[in-house]
Amino acid sequence: MMYKTYPALLLLIFSFSPIKLLFSETNNLNEIEIAKVIKTSSEVNEKTVYNSLNSNQFALPKLESFTEALKGFYILKEKGLISKNILTLIDFSMSSNSKRLWVIDLTTNTILYNSLVAHGRNTGDEFANSFSNAAQSFKSSLGFYSTGEIYSGKHGKSLRLDGLEKGINSNARQRAVVIHGADYVSNSFIQNHDRLGRSLGCPAIPVELTDKIIQTIKDKSCLFIYYPSDAYKVASKLVS
């Protein structure tokens, strides 16, 4: 009877042996290493795209804001939530007195426009620092958007936006956060007030560029509003 149970005991011992644990740990390490390789490969690709940008005599966006925008663009394109190879990047870490909006054609890696853009009146004065997804907050919302349809509103030709990140910018359409032109988005306003004018939460742009930019980015292109916010990174599923 003892001879019959001995092999079974050996099998039971080996099933919990350091060898099995070693293989388990090795597999976990391999998975971590593979994840690192994928991440590194992605970062290399984004830097390659950045370094190959045709500035078209415009200033380049910051590398950090561009790489975050490009990561999200790839994910959204794969999911079919955007359809155009056009990326609009707004960098709210910059002064509102600077041109902090870029429209980039990712088919040709060419910057098409570089423009002033307003943030919400309760988001900050010259610099943006507070963001919200709430109605009547009069604040800008961070994150990724899909551009919608053109309509004519109180600011003339305007472009609807659909926020793609729940809890971060998902109320954009209900809040009427849209792209529109405004006369307070101009160098003359900056000269008279020491800062750009502010909106009720919309990324308002110069009147003279409104038609060109809206026509370029309408109908399911990607728009990303960047700010180096730890809270956003924790909440966002598109940026880690």
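Contact here means heavy atoms within 4.5 Å. The model is predicted, so local features need pLDDT of at least 70 and side-chain atom pairs count only at pLDDT 80 or more, while totals for chains, interfaces and linings use all residues. Residues are numbered from 1 along each chain as its sequence is written, and side-chain values use heavy atoms, with hydrogens and water left out.

**View 1. Thr210 and the residues around it.**
Thr210 is part of helix α6, which covers residues 207–217. Helices (H or I, at least four residues) and strands (E, at least two) are DSSP runs, numbered from the N terminus. Apart from neighbours within four places in sequence, Thr210 is in contact with Lys157, His180, Gly181 and Ile205. Thr210 is buried, at a relative accessible area of 7%. Buried means under 20% relative accessible area, exposed over 50%, and partly exposed in between, with a 1.4 Å probe and protein chains only.

**View 2. The whole protein chain.**
The protein chain has seven helices and seven strands. From the N terminus on, these elements follow the order α-α-α-β-β-β-β-β-α-β-α-α-β-α. Of the 240 residues in the protein chain, 43% are buried. Among contacts with a separation of 6 or more, 62% are between residues 24 or more positions apart. The accessible surface of the protein chain is about 13100 Å², and carbon and sulfur atoms account for 57% of this area. Accessible areas come from the Shrake-Rupley method with a 1.4 Å probe; for residues, only the protein chains shown count as cover.

**View 3. The open sheet of seven strands.**
The strands of this open sheet lie in the order β3-β2-β1-β7-β4-β5-β6, and their pairing is mixed. The edges are β3 (110–115) and β6 (178–180); each has a single partner strand, so one side of each is left without a neighbour in the sheet. On average, neighbouring strands of this sheet are turned by 30° against each other, direction ignored. For such angles, axes are lines fitted to C-alpha atoms, for helices over the stretch in contact, and angles run from 0 to 180 degrees between N-to-C directions. Two strands pair if DSSP finds at least two bridges between them.

**View 4. Strand β7 and its two partners.**
Strand β7 spans residues 222–226, and five of its five residues are buried. In a regular strand the side chains alternate between the two faces of the sheet. Cys222, Phe224 and Tyr226 lie on one side of β7, Leu223 and Ile225 on the other, and all are buried. Strand β1 (residues 86–91) runs parallel to β7 and is joined to β7 by five bridges. Thr88 has Leu223 in β7 as its bridge partner. Strand β4 (residues 143–153) pairs with β7 in the antiparallel sense, over four bridges. Here Phe144 has Phe224 in β7 as its bridge partner.

Strands β4 and β5 run antiparallel and are joined by seven bridges. The hairpin between β4 and β5 passes through two residues. Tyr145 stands opposite Gly163 in β5. Strand β5 (residues 156–163) also pairs with β6 in the antiparallel sense, over three bridges. The bridge partner of Arg160 in β6 is Val178.

**View 5. Ser170 in its loop.**
Ser170 lies in the loop that runs between β5 and α4 (172–175). With a relative accessible area of 27%, Ser170 is partly exposed. Leaving aside neighbours within four places in sequence, Ser170 is in contact with Asn133, Gly163 and Glu165. Ser170 and Phe144 are 26 residues apart along the chain, and their C-alpha atoms are separated by 9.6 Å.

Helix α3 (residues 63–79) has 17 residues and reaches 25 Å from its first C-alpha to its last, close to the expected 24 Å. The expected span of a helix is 1.5 Å times one less than its number of residues. Buried residues of α3 include Phe66, Leu70, Phe73 and Leu76. Gly80 follows α3 and has a positive phi, near 80°.

**View 6. Two cysteines, Cys202 and Cys222.**
Cys202 is buried at 9% relative accessibility, and Cys222 is buried at a relative accessible area of 0%. A search of the whole structure finds zero disulfides, a disulfide being a pair of cysteine sulfur atoms within 2.5 Å.
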